[in-house]
Amino acid sequence: MAKGEGGEQSSNASLLNKPATDGIKLAGKRENRNRLSVCNKISYAIGGAPYQMTGCALGFFLQIYLLDVAQLDPFYASIILFVGRAWDAITDPTVGFLISRSPWTRFGRMLPWIVLSTPLAVLSYFLIWFVPPFEDGKVIWYLFFYCLFQTLQTCFHVPYSALTMFISSEQKERDSATAYRMTVEVLGTLLGTAIQGQIVGMANAPCLPGPGDILADISNSSKSSRLNESEPVISLEHTKVAYMIASGVICSIYILCAIVLFCGVREQKESCRPRSEPMSFFQGIRLVMGHGPYAKLVMVFLFTSLAFMLLEGNFALFCSSTLGFRNDFQNILLVIMLSATLAIPFWQWFLMRFGKKTAVYAGTLSVVPFMILVVSLKSNLIVTYIVSFAAGVGVAAAFLLPWSMLPDVVDDFQVQNPDFTGHEALFYSFYVFFTKFASGVSLGISTLSLDFAGYISRGCSQPEEVHLTLKLLVSAAPVVLIIIGLLILYSYPIDEERRQGNRKLLQEQRDNEADSETDSTELGNTV
């Protein structure tokens with residue numbers, strides 16, 4: 001009898017211990033499944049390079065290309081730049097809405113958008129930098145392919161940005177992957193600036209002298225003729241070919257990065273919480289913009305992005321026309337991006353040490369003195385290089401901090417609205433919408449301002465009104481916009497304490513969901 005009771009107790013104990021052991025095994029398997037390898041993180045990060053490369057090349061060089069190479073009237077160039085960016089801004093929330101309603105496939109929900117958009121995006125990007133052999137429809141040509149590329153680039157970048165939330169359910173793993181991504185994206189901007197600038201810089205066509213320049217040339221004609229005999233003659237056709245070669249190199253890298261991303265990253269369906277019921281486009285707008293912290297963050301970076309994009313879009317013209325560094329402006333741009341690349345680890349340490357909000361203040365304000373200094377000093381190449389290198393430190397903060405703060409807002413929304421899930425792409429797409437809208441406004445207004453000031457395409461010298469306009473566009477206007485953005489940031493409610501609290505609450509939710517999944521599995525095994 002005692003033996004039978006002991007056997008029964010032993011049997012009961014084994015039944016009780018077995019589910020607990022199975023639960024531990026399941027938890028361990030789930031943790032290993034959510035952990036990303038270094039290869040996964042690098043593959044994910046490489047996917048961010050195409051957007052930064054093409055965006056940097058277009059941001060720095062498209063304006064000067066349309067004015068001096070395609071030789072469009074500044075008024076039409078401003079229309080292309082503004083309409084193209086405005087169209088791009090409209091497509092972001094539209095694509096985000098479509099992605100949020102797209103079904104799950106064997107490759108995931110985000111990756112198919114990235115892969116299918118890449119071939120046409122590459123083709124349209126190349127044709128932006130091709131000068132068509134006709135004059136009448138040239139404006140339509142650039143407007144069409146610019147808008148087409150922006151649409152296809154949106155189909156790549158919005159799902160890629162939202163992919164952060166789907167590569168792992170572990171917050172630590174997502175933060176680590178984002179750090180990899182930020183590093184590669186800054187390297188992408190550096191690579192895009194280097195490829196476009198250095199290839200084009202080797203075939204920079206000479207400027208066209210105006211009436212005043214011709215008089216100066218006559219007095220030095222004998223000296224210049226002796227110098228030009230030994231120098232190769234670079235024509236506008238050489239410059240056109242150089243732009244196509246640069247775009248071809250960037251297109252090749254674009255395709256390679258898309259392949260690496262697709263082969264090295266897998267979306268984890270089990271890491272996504274069940275999605276809520278699909279909603280209409282305007283319901284999505286109200287949902288996203290109705291979240292106060294998100295609206296404030298968007299407004300902050302709307303103004304600061306507008307400031308940096310004014311600087312980015314006009315700095316090449318400012319260096320070549322106002323400072324007179326026509327043959328060195330691409331090297332100055334490269335110095336800025338190199339400095340930004342080197343400064344990224346510093347800002348990562350700074351935001352971890354002092355908090356993200358403090359980092360935004362320090363990083364954005366650090367570039368203001370150099371914006372003022374570059375227009376106040378007389379033209380000096382060495383001083384310009386030094387000022388550009390110092391300004392790049394602040395530019396690094398502009399690259400890193402927005403994307404670092406956006407997941408915090410999404411987490412805050414999920415904590416306050418646990419029933420609304422599966423709409424992460426909407427937050428990213430609307431954020432990109434506002435930044436691109438700011439870019440379109442900045443490029444359109446600045447190019448139109450140059451038209452009113454009397455800009456001369458490929459002119460060796462420009463009217464004084466053009467120099468004054470460029471100084472306002474790269475210094476005074478950005479400084480004012482930065483101040484407005486930082487004033488709005490003062491009311492941004494997510495500080496370090498709230499951010500850490502949100503992370504703990506979300507982790508508890510995930511743990512509870514994991515326990516529920518484990519209990520369901522145990523119950524199924526018992527039955």
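Analyst: A contact here means heavy atoms within 4.5 Å. On that basis, 86% of the protein chain's contacts with a separation of 6 or more join residues 24 or more positions apart. This is a predicted model, so local features need pLDDT of at least 70 and side-chain atom pairs pLDDT 80 or more, while totals for chains, interfaces and linings use all residues. Numbering runs from 1 along each chain as its sequence is written, and side-chain values use heavy atoms, leaving out hydrogens and water.

The protein chain has 19 helices and 0 strands (DSSP runs numbered from the N terminus: H or I, at least four residues, for helices; E, at least two, for strands). Of its 527 residues, 52% are buried (under 20% relative accessible area with a 1.4 Å probe, protein chains only; exposed is over 50%, partly exposed in between).

Now for the packing site. Helix α6 (residues 138–162) packs against helix α10 (residues 236–264) at about 35°, with the axes 14 Å apart (lines fitted to C-alpha atoms over the stretch in contact; angles run from 0 to 180 degrees between N-to-C directions). α6 brings Gln 153, Phe 156 and Tyr 160, and these meet Tyr 254, Ala 258 and Leu 261 of α10. Sorted by type, the residues of this contact come out as 5 nonpolar, 1 polar and no charged.

Thr 189 counts as buried because its relative accessible area is 1%. Leaving aside residues up to four places away in sequence, Thr 189 touches Gln 52, Cys 56, Met 337 and Phe 399.

How values were computed:
Ala, Val, Leu, Ile, Met, Phe, Trp, Tyr, Cys and Pro count as nonpolar, Asp, Glu, Lys and Arg as charged, and the others, Gly among them, as polar.
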